[in-house]
Amino acid sequence: MRPQSLLLAFFGDHVLEEGPLGVYSGSVIDVLGRVGVGEQAVRSTLTRMVNRGLLQRRRQGRRMYFGLTPHATQILHNGRTRVWHTSAVNDDWDGTWTLLGFSLPEAWQRQRHDLRSRLTWSGFGPLYSGLWVAPGDIDISGIVAELGIAAHVKIFHAHADAATDVDVMIRDTWDLETIAARYAAFEKRWITHVGDHAGDPLAVHLRLVAEWLGTIRTDPRLPARHLPSDWPARSAEATFRCIAQQTAEPARRVAAELLETTPLEPS
């Protein structure tokens, strides 16, 4: 696991809902040390996250504290919704699709990369090079506005015509084998932890949440009716939720003993 993914999972679990708090760097080092991340790697990752606008840094005496920026707070709220409140299996699809067409200037390489990354997280796949599609009625206007590309984008909400073979379209647009393999690998790694109360609950919960978020972040939640009957997301999610439930409260108790925090003024 990348240290930044683990740090975001940590802040999402133990800081996000507690208000604008700063966490002492030593506490962060202790927590990530439990999942095998060394002190230097933690310090380097904290610095990079500050530089990327994900964390704010405050010094009190000789101690350094790190808290979430508004940008990171929004990212974590979105991630929290996806992890805890949105099923990995889309049983409720209403037949609608959101289409986004874009044509960006050749020099806008960064904007193109950022747009594709954000579209992937929002469930879109490339129907054609400049036309992306996602199941459901997706509000993508905020991302378009944030990236400053509204003049180069067209958004539509539609239903597929009867002449369109949706099953084929899905297989052509998304790599179902790779998505399924991620879910199968997640379950294989974690199934033995079900009912296992040994070990460090904070470390287990942190790795579990970070790995699950990494698994679902490239899953567009395609309509279950158009996926193979043995789609592995359902059983993988059941495994995730079972272990998350058994470790959540013990992890909170351990974190409460470990973390040194201080109130921060919102940046």
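In this predicted model, Arg207 and Glu211 meet through their side chains in a salt bridge, 3.8 Å from N to O. A salt bridge here is a side-chain nitrogen of Lys or Arg within 4 Å of a carboxyl oxygen of Asp or Glu. The two residues are 4 residues apart in helix α9, so about one helical turn separates them. Helices (H or I, at least four residues) and strands (E, at least two) are DSSP runs, numbered from the N terminus. Arg207 is partly exposed, at 27% relative accessible area. Glu211 is buried, at 11%. Salt bridges with shared partners join Arg189, Arg207 and Glu211 into one network. Buried means under 20% relative accessible area, exposed over 50%, and partly exposed in between (1.4 Å probe, protein chains only).

Residues are numbered from 1 along each chain as its sequence is written. Local features need pLDDT of at least 70 and side-chain atom pairs count only at pLDDT 80 or more, while totals for chains, interfaces and linings use all residues; side-chain values use heavy atoms, without hydrogens and water.

The structure holds 11 salt bridges. Side chains of opposite charge can pair when their charged atoms come close. One of the bridges joins Glu17 to Arg80, with the closest N and O atoms 3.5 Å apart. Glu17 lies in the loop between α1 (3-14) and β1 (21-24) and Arg80 in helix α4 (residues 70-85), so the pair ties together parts that are 63 residues apart in sequence. Both Glu17, at 47% relative accessible area, and Arg80, at 27%, are partly exposed.

Asp91 and Arg234 form another salt bridge, 3.2 Å from N to O. This pair links distant parts of the chain, 143 residues apart: Asp91 is in the loop between α4 and β4 (96-102), and Arg234 is in helix α10. Asp91 is partly exposed at 45% relative accessibility. Arg234 is partly exposed at 47%.

Helix α10 also holds Thr239. Thr239 is buried, with a relative accessible area of 6%. Beyond neighbours within four places in sequence, Thr239 contacts Glu187, Trp190, Ile191 and Val194. Contact means heavy atoms within 4.5 Å.

Arg217 sits in the loop between α9 (201-216) and α10 (233-258). Arg217 is partly exposed, at 40% relative accessibility. With Arg2, Arg48 and Arg52, Arg217 gathers in a surface patch of positive charge. Such a patch is made of residues with over 30% relative accessible area and no salt bridge, like charges being joined within 9 Å.

Methods: Patches are made of residues with over 30% relative accessible area and no salt bridge: like charges are joined within 9 Å, nonpolar side chains (Val, Leu, Ile, Met, Phe, Trp, Tyr) within 5 Å. Accessible areas come from the Shrake-Rupley method with a 1.4 Å probe; for residues, only the protein chains shown count as cover. Lys and Arg count as positive and Asp and Glu as negative; His and the chain ends are not counted. The place of a charge is taken as NZ of Lys, CZ of Arg, CG of Asp or CD of Glu.
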